[in-house]
Amino acid sequence: YNPGAMQSDLTCFMMDDAGSGELTTYDGSSYIELYIAHKHTLCNIDSESHELSVAGHSGSCGDEIEYKEWTDNDAYEDYGSGTLASGGYVNATNWLPRSGNWYLSKDVQLSEEWRASGSEKKLNLCFNGHTITGTDNNTTNSLLIVSAGAKVNLTDCAEEAGGLRGNSSLTDQRGLRVSWGYANMYNGTITGFTGNYGGGVSIEPRTDGSFGLYANAAIQYNKSINTKDLHYGNYWPNSENVNYGGGGGVANFGEFTMNSLRDDAIAYNSAARFGGGLFNWPYGEQYRWAKLLNGGIRDNTAGEQGGGVLTADTAGNGLGLGGNISITGNTLTDKTSNNLCLPNDTKNGGWMKIVVDGTLNDNAQIKVVEIEGRKGEDYFNGVTYETLPTELLNCFITDNGSRFVWNEAHDTIMLVQAVPADKMPIIADETTLTYDGTERTIITIPEGAENYYTLSGMLTASDVGEYGITISLKNNFL
């Protein structure tokens, strides 16, 4: 019955599991509550178990962040009123924090626009296994908006991660729009959204802004429904032509980094026409790009181009590939293999190209859409044999099965087709022979493959020794 004495007496009590909880009074009132700290790093994975950069860090995972539970009272204070503009009382299930370190203890349904705006807004939010979605009457075209210099980090520590969830009754609402703001996602998923462009996420800078997909976060099962034609040129952010974009999973008009531990980081998304997984369109006066450094883009579809990725920017800096990035298993809606599409700029001229990051390793797998009449060297920007040796160039293959190879002088990348299976030479089972006076054949050219010719080596062997021969089927076959 004496709050002051109770507060001093509580220091005599502690939990058996030291550090897991603390007995406190709530705002100096006369009842006791058990406070259990909610602490973890943003990536929420052990520093020893991953490449640090993949978790969104250049160094260690950093200090643990202590997150506070998001409560009704906190929602009221953040919103600045007890009543929502859309109607109803403000509480922890219909509003989200815009600054601070918080974790959710309940699912949240937003009935109106949520926007973190201004450089003073710095939010670290742990889903804690819970989801955020829009109500049927939420008419905003983005569930969450980060703008005007605000910084937002999204993560999850639960075994079954939560995240942003689309409302199937809303036919034009993406999950997240980053507009001249900074957002990163380390755990959790963005799934089930349908938008004109960037069904899962759109990155739309004015002078700056970025989005990073790290660690175990994923963008899956989202749609872009835009059916307009592509508009090439330096149009964004100076006109409304951004509405001509695509991107079922992500539409990038700014700076996007994917450095993921997941092979399905961007997966199962679809676009009506362009960029099922990623629509990368970094035109503009400012330097913009997408860096795909680790993780996978797979099982996405597009109606016309770029089942996995469609990218622009003839300057050649718009798309960087590194680490063990994988872009495979993506298709057009007719099931035709279509992974990374590098189209021709029909307005300004020139091919879209790939920049190879210095971190690319030979575990990467990238399938590229082969375009008729385009040379192998036209797919890459600024590479040399030293920066892209054969073992790394082998990571690239076209959807048609053609391969990229260096010429003998190692100064030009050629695009050559693999020999069809029915035209492959037949090699004898025994290639180590003892001469017994009988002529024997080691390599047999199959019937109908008369166009083989010898590149080097000897056609016959008549003495002790090792012999080799290199043969080719026409100039465009390997």
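1. Among contacts (heavy atoms within 4.5 Å) between residues at least 6 apart in sequence, 71% join residues at least 24 apart. Bear in mind that this is a predicted model, where local features need pLDDT of at least 70 and side-chain atom pairs count only at pLDDT 80 or more, while totals for chains, interfaces and linings use all residues. Residues are numbered from 1 along each chain as its sequence is written, and side-chain values use heavy atoms, with hydrogens and water left out.

2. Overall make-up: the chain has three helices and 42 strands. Those are DSSP runs numbered from the N terminus, H or I of at least four residues for helices and E of at least two for strands. Of the 478 residues, 48% count as buried; buried is under 20% relative accessible area, exposed is over 50%, and partly exposed is in between, with a 1.4 Å probe and protein chains only.

3. On to the cores. A nonpolar core here is a set of buried Ala, Val, Leu, Ile, Met, Phe, Trp, Tyr and Cys residues joined through side-chain atoms within 4.5 Å. The largest one has 82 residues, and F211, F256 and F396 touch the most other members. Strand β10 (residues 142–147) supplies the largest share of this core, three residues. There is also a second, separate core of nine residues, with Y67, C126, Y186 and A215 among them.

4. Five bridges join β10 to β13, and the two run parallel; two strands count as paired if DSSP finds at least two bridges between them. Strand β13 (residues 174–179) is mostly covered, with six of its six residues buried. Three bridges then link β13 to strand β17 (residues 201–203), again running parallel.

5. At the β34 end, two bridges join strand β30 (residues 319–321) to β34 in parallel, and G320 has V355 as its bridge partner.

6. The other sheet has five strands in the order β16-β20-β24-β28-β32, with parallel pairing. Here β16 (194–195) and β32 (331–332) are the edge strands; each has a single partner strand, so one side of each lacks a neighbour in the sheet. Two bridges join strand β28 (residues 301–302) to β32, and T301 stands opposite T331.

7. Which residues lie nearest the centre of the largest pocket? They are L433, R440, I442, T460 and A461, out of 31 lining residues. The elements giving two or more residues to the lining are β40 (443–444), β41 (452–457) and β42 (469–473), and β41 gives the most, with three. (A pocket, on a 1 Å grid over the protein atoms alone, is an open set of points where a 1.4 Å probe fits, with protein on both sides within 12 Å along at least five of seven lines; lining residues have an atom within 4 Å of a point.)

8. L393 sits in helix α3 (residues 390–393) and is buried, at a relative accessible area of 1%. Beyond neighbours within four places in sequence, L393 is in contact with F380, L388, F404, V405, W406 and I413. L393 and V356 are 37 residues apart in sequence and 9.9 Å apart in space, C-alpha to C-alpha.

9. Finally, a couple of backbone angles to check. Most residues other than glycine have a negative phi. N128, however, has a positive phi near 55 degrees; N128 lies in the loop between β8 (122–126) and β9 (131–134) and is partly exposed, with a relative accessible area of 22%. Y221 also has a positive phi, about 60 degrees, and is found in the loop between β19 (218–220) and β20 (223–224).
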